[in-house]
Amino acid sequence: MEKMIIHGGAPLRGTVTLSGSKNAALPIMMASLLTSEPLVLSNVPRLRDVKTAMDLLTQLGVAARWIDDHRVELHAAKVTSHEASYELVKTMRASFVVLGPLLARTGRARVSTPGGCAIGARPVNLHIAGIRALGSKIQFRHGYVEAHAEKLTGGRIWLDSPSVGATENILMAAVTARGRTVIENAAREPEVQDLARVLVAMGAKISGAGTHVIEIEGVERLHGAEHEVIPDRIEAGSMMAAAAITGGDVTITNAPIEHLEAVATKLREAGVTVEANGKGVRIARNNGLKPVELRTLPYPGFPTDLQAQMMAMLTQADGSSVITETIFENRFMHAQELARMGADILMKGPTAVVRGPSKLSGAPVMATDLRASMGLIIAGLAAEHTTELSRIYHLDRGYEALDAKLSSLGARIERAQEQ
Ligand code: UD1
């Protein structure tokens, strides 16, 4: 196992380019099951989760291969298995979105239920209700969801909450269903919109992606397509918080600023310069940070996937910041680790009060999930002396070449073997 060693204190300066979005790439890869023709994707990040998705597709009979550094060809000429195993789904919850396309293509699917995870219960009831509304029979047996439908038929689905994964699963199940499907209270995330763009390029008829109501007119079959995955807005926000905490000056060449309104607003409130110029989006800070109040919300609200990074940054604000987590019930695990580095954080239910500025001092720390790991790296960049982050397999699930990118901006960060 590896760990990351961060020597704090160096301001980040320079230019960085984002990788493709993990959360867009994963469901889009699953869409390859919907056609017997090749799907070619570019700007696919080289991540552990992407490898897990390739492994899952391979197990289902898809010919999955890298064509070059960031291009993947997925060819589901025949689908030879109907099962996504417990081993795969427990490694990566996003595997569960295979249910919709697998069922649509073959008439049946057996997919392990994901169970809980470090940040909360994360049930899949909305996915199931949606797939059922399209006429599938569903049974729960031995920890698996077994779905069966000769031919799915369009239906009207109202989601209790705008779940990203449920919207994607239902969308992929509905594109070749007989008739019309309407998903109300759908997730509006840019990643859902990117999936819809691919499906349309494959011949699907979809309108309203990016709004609360998505309408799908089922078509007989889909064909192959080529698609470039959108840049990763969560990586962008992470780099922004890293630049800000170090008092740096960083330009992100391909930051999707239109997907980062809530994040840019909160950073500006905190006294950070965020400006789009001809070269990209520049993030700079000369003065002290100011405290802010923020709530995580479904898109276009502030993303829960940037809450830990923002919390780390706000330990350096002059005053009390209030962070409320409304998406996941247990997503403050990083707070205790930040406290070990000297942060002053008071937690009460879904709210954390971060009192700053605290002098952070490097410490051995450990994270329980991907974004929490990034929060601890950000704190380490501003801490005195050395921070050692263990269990960095979490980071490698979702950040491509993070240490190389941060080093190129002047951070002193390196990998080492755990003893
Ligand atoms: C996706 C993202 C994840 C992000 C999250 C919220 C991927 C691969 N992952 O996860 O990084 O943090 O969106 O932006 O894209 N819920 C239910 N029943 C369901 C489904 C969800 O109650 O059937 C609840 C969840 O427990 C959670 C909330 O809805 O509290 C949001 O979850 P959801 O939007 O589904 O997140 P994911 O798609 O799992």
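Let's start at the ligand: among the elements around it, α5 gives the most to the shell, with three residues. Helices here are DSSP runs of H or I of at least four residues, strands are E runs of at least two, and both are numbered from the N terminus. Keep in mind that this is a predicted model, where local features need pLDDT of at least 70, side-chain atom pairs count only at pLDDT 80 or more, and totals for chains, interfaces and linings use all residues. Residues are numbered from 1 along each chain as its sequence is written, and side-chain values use heavy atoms, with hydrogens and water left out.

Seventeen residues make up that shell, and N125, L126, S163, D305 and I327 come nearest; being near means having a heavy atom within 4 Å of the molecule.

Now look at the backbone. A polar backbone atom of I327 sits 2.5 Å from a ligand oxygen, one of G165 is 2.8 Å from a ligand oxygen, and a backbone N or O of P123 is 3.2 Å from one. A polar contact is a pair of N or O atoms within 3.5 Å; within protein, one must be able to donate a hydrogen and the other to accept it, and residues adjacent in sequence count only if both atoms are side-chain atoms. On its own the ligand exposes 740 Å², and the protein buries 81% of that (accessible areas by the Shrake-Rupley method with a 1.4 Å probe; for residues, only the protein chains shown count as cover).

Zoom out and the chain divides into domain 1 (2-19 + 231-417) and domain 2 (22-228), with bounds from an automatic or database domain assignment. Each domain gives at least three residues to the ligand shell. The C-alpha centres of the two domains lie 30 Å apart. Domain 1 and domain 2 bury about 1900 Å² between them, 51% of it on carbon and sulfur atoms; buried area is the accessible area (1.4 Å probe) that two parts lose on being put together, summed over both. Y299, R397 and E400 supply 34% of what domain 1 buries against domain 2, more than any other three residues.

Y299 turns up again in the backbone: its peptide bond to P300 is cis, with omega near 10°.
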